[in-house]
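Me: I am new to this structure and would like to learn how to read it. Could you take me through it one feature at a time?

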Amino acid sequence: MKLSGLRIYAIVYLVFLYAPIILLPLFAFNDGTIIAFPLQGFTTRWFTDLAATEALIEATGNSLFIAVTVAILATCLGLFAARAGARYTFPAKSGILGFIMLPLVLPEIIVAVSLLVVMLQAGLSTGLWSIIAGHVLICTPFAVAILQGSFANMDRSLEEAAIDLGETPISTFRLVTLPLVTPGIIASLLICFTISLDEFIIAFFLSGNEPTLPVYLWGQLRFPARLPIVMALGTILVALSVILLILAEYVRKRGLKRAGLKDTGGFV
Amino acid sequence: MNAQTKAGQAPIIRLQDVHKYYGDYHALRGISAEIGQGEFFSLLGPSGCGKTTLLRAIAGFEDISSGAILLSGQNMEGVPPNKRPTNMVFQSYAIFPHLSVAENVGFGLRKSGLDRAAKARAVGEALEMVGLSGFRSRAAHALSGGQRQRVALARALILKPKVLLLDEPLSALDKKMREIMQVELIKLQREVGITFILVTHDQEEALVMSDRIAVMFEGEIAQLDEPERLYRRPNSKRVAEFIGVMNFLEASAQQTGEKITLEVAGLGKAEITPEQCPAGAVSGACSVGLRPETLSILFEGEQSKARLAEGVVDEVVYYGDMTYYDIRLDGASAPVRISMRNVISRPVLEVGARAQVTWDPRAMVLFN
Amino acid sequence: MREAGWLGKLFRTDAAKGLTLVSPPMLYALVMLAAPLFTIFLFSFWTQDFLTIDRTFTLNNYREALTDPLYGELMTRSLRISLAVTVLTVVTAFPIAYFVSFHVDPSRKSLWLFLITIPFWTSYLIRVFLWRVILAYDGPVNGSLIALGVIDEPLSWILYNANAVVITLAHAYAPFAILPIFVSLEKIDRSLLEAARDLGENKIMTFLRITLPLAIPGVLAAILIVFIPTIGDYVTPRLVGGSGGTMIANMIQTQFMRLNNAPMGATLAVLAMVMVASVSFVLILVTRRWTRGPK
């Protein structure tokens, strides 16, 4: 491993990327109420405090409910769009698909604000389901992108072969398409779950009386005394996201191996 | 246009004036043909000629715009692929990567009503037929190209279709494997006895394996014949050039009754019969076709009673078992290619040397 | 042709099946995105009095937004910050994308990409907050700089202003910039570079004449992927921007939540979208010369 200038740069860059995150466990286990150096000993009391905070537990429950629902709905919508895109041609195809992917390039505040306005106008109350609606909107493009990759990797004639051998379109989907697309589905579920869990702005605008975890966090940031607990919470959240991601990557790699395909580098 | 179907039985496939449009593009322009029971039939043509479209239309994956496709006398209009008595071997083989070899081969038996033991037996027999007996539990992605093709064959044949459709099945294999599989496919077809329809752009392949070949250009059947007739009596220059190599010499023709007299550049006068004019009656300026192996070089010391012509050696290409000479005949504009077997005592001529060429008017084919 | 068959055939066509299949997500996007965006557009022409919306058409909001220096200042500051972030992020992203593409063994590339993207998947809110901790008066940056003897007093200009916003956003959007550049670099046929060397070019010139131009589509994508969302960012300016680092999204939120002036918020949102769209358009036109060709 030669230490070229580029490699040194890469390592420094990675340090820069991870620097803030390393602080989390550092201060989560720190026995001090101020988030500053020097460190003052080890403690787990912030984590136990976490477990005792009721508002936090409620917010966590909200977030989990939303994230699971969003993951399922967005993946379903993504399946429809990805399959339509991969297998059929129809008028205005690129326009329609482009529109479905549009939330990717819109600043989230625009999405949040427009949804809020529509809710108010329609007389609907904000709350969990409005957040779900907003999250599904921004997660579907990710689901589409992941699943489009899955479909593209699948030889088209596999489905024709199944039909030729006597299966109906539905049983073909069940016996041939679904098994081969399953890794993509799992990856999509995991990623949409993660995005929804961490999303702040839309939740902030639309949560009303049922805050999600990030919204709750936001509320705690103005209280210096609460900061160590925030650190503990943050540590857990980061650890969870990382585990989910490693899982998603593992599933993806296994799926590729099963289909005998080459690794082209991840969700890129 | 159509040669007689094999064995005089009722044809198993009847194509009646089949047309197919993709938007404005006229992909199939009035295809009519009859394919017999148990025949090894090939669709041969360059890329884009419509042969794969036609195959897929027979399989049911493409709808046709007009005309009819009849299988065993039944019109296949509106019949989806999974209900037709055909099975297809896809160009990519389409082996299900998440299933084992045995699961792949037995895939179509799911709805057959057979119990597990019967299915296992059928799979075993199918694998034996294609020479893959030990491969039952092999994973699909661990197979070589040739093995995949056999799995695809077994998978299709296990369902005992009336017609097996093969879409360029050998194009993904290397030369050696291709030659082996060509022979195996012929044997397999004879053993199973069902109709095979093969799509290929490789004319050698078609000549080796088929009972009859339909040569297609631009959505139409140019000639439908047995391989031998296709090679010896092509009905147009285009077909002649597509199958093997053909030399063309300028000539002028005069027909009196059953006799046709030719004046051929580089060769001289010749008399041919109407049988040698598959494109129909010709008079005036025309082209004469001669296959390379119907011309021969008379080496020094050899004698021949055949007609002789003279020329200069333009090019010599050594090929291992054959040597190809391009000879510029006196009085002809383009050189003719002659193939000579490399016999031990025979010398190799040099470029620029003069040569004597023997020829036979009975080998000529006349074109417009 | 049988008549019933004709209709059946129509419904069996590729286009009909495709449209049916894509209709759930398409309708969802229409209802949840197109309709709300349209509503926002409408709102910008109305006025609000406490909690009641007055629907008479008026251009007053636009007049105010475009003439009042407060909003103009905010827009330009947002634009400046966003452009600074874009430049910083893309310029620092390119070397690492190049490193992973050209200097990393193919079997490890996905590992590197994975490592690079993990931080992105953690809570954005938390990451921004952590930067506030890092850059604080008594935080680790100042602490270590003082300990190393580089400075005597803690720096005050690294937090609660536009600089902090730029640093934080550059960190947050780094992976967004790295990935498209990486994809673009991966697509470059390596034999092109070998051909250039064979024809006599040295490494640096090969990079400038072959690699860089072919990577432009990826760089352009990176620029857009960073620029567009950062202009509308809310959390970072709010947490680390202080009063001199607020951006347009903060004002939009203020209008909606605190000032009860949804129409004004809508107007600002529309103007922000227009600004983003026009800058993107200009960017695409300018780099068109290098992005034509096989994608």
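Me: Which residues is C192(A) in contact with, leaving aside its neighbours within four places in sequence?

Reply: Two residues are in contact if their C-beta atoms, placed from the backbone, lie within 7 Å. Leaving aside neighbours within four places in sequence, C192(A) contacts V70(A), A71(A), A74(A), T75(A), C139(A), F142(A) and A143(A). Before we go on, note that this is a predicted model, in which local features need pLDDT of at least 70, side-chain atom pairs count only at pLDDT 80 or more, and totals for chains, interfaces and linings use all residues. Residues are numbered from 1 along each chain as its sequence is written, while chains are lettered from A and ligands numbered from 1 in the order in which they are written.

Me: Which residues touch the most other members of the largest nonpolar core?

Reply: A nonpolar core is a set of buried Ala, Val, Leu, Ile, Met, Phe, Trp, Tyr and Cys residues joined through C-beta atoms within 7 Å. A residue is buried if 20 or more other C-beta atoms lie within 10 Å of its own, exposed if 12 or fewer, and partly exposed in between, with C-beta atoms placed from the backbone. Here the largest core has 271 residues, and those touching the most other members are V113(A), C192(A), I197(B), A177(C) and I181(C). Helix α8 (residues 162-186) of chain C gives the most to this core, 17 residues. Helices (H or I, at least four residues) and strands (E, at least two) are DSSP runs, numbered from the N terminus.

Me: How many residues of chain C are in contact with chain A?

Reply: For a contact between chains, we list the residues on each side. In this case 66 residues of chain C are in contact with 63 residues of chain A. Helix α2 (residues 14-43) of chain C gives the most to the chain C side, with 20 residues. To sort residues by class, Ala, Val, Leu, Ile, Met, Phe, Trp, Tyr, Cys and Pro count as nonpolar, Asp, Glu, Lys and Arg as charged, and the others, Gly among them, as polar. The side of chain C that touches chain A divides into 51 nonpolar, ten polar and five charged residues.

Me: And how many residues does the contact take from chain A and from chain B?

Reply: That contact takes 17 residues from chain A and 18 residues from chain B. On the chain A side, α7(A) gives the largest share, six residues. The residues of that side of chain A are eight nonpolar, four polar and five charged.

Me: What does the secondary structure of chain B come to?

Reply: Chain B has eight helices and 20 strands. Of its 368 residues, 40% count as buried. The C-alpha atoms of chain B fill a box of roughly 75 × 50 × 40 Å, taken along the principal axes.

Me: Into which domains is chain B divided?

Reply: Domain bounds come from an automatic or database domain assignment. For chain B they give domain 1 (6-238) and domain 2 (245-367). The C-alpha centres of domain 1 and domain 2 of chain B lie 39 Å apart. Their contact takes five residues from domain 1 of chain B and five residues from domain 2 of chain B.

Me: In what order do the five strands of the open sheet in chain B come?

Reply: Two strands pair if DSSP finds at least two bridges between them. In chain B the order is β13-β12-β11-β14-β20, with antiparallel pairing. β13 (268-272) and β20 (365-367) of chain B each have a single partner strand, so one side of each is left without a neighbour in the sheet. Inside this sheet, β11 (residues 247-256) and β14 (residues 284-290) of chain B pair over seven bridges. There N247(B) stands opposite L290(B) in β14(B).

Me: What is phi of S72(B) and of K160(B)?

Reply: Most residues other than glycine have a negative phi. S72(B) has a positive phi near 50°, and phi of K160(B) is also positive, near 50°. S72(B) lies in the loop between β4 (66-71) and β5 (74-75) of chain B. K160(B) lies in the loop between α4 (145-157) and β7 (163-167) of chain B. With 14 other C-beta atoms within 10 Å, S72(B) is partly exposed, whereas K160(B), with 11 C-beta neighbours inside 10 Å, counts as exposed.
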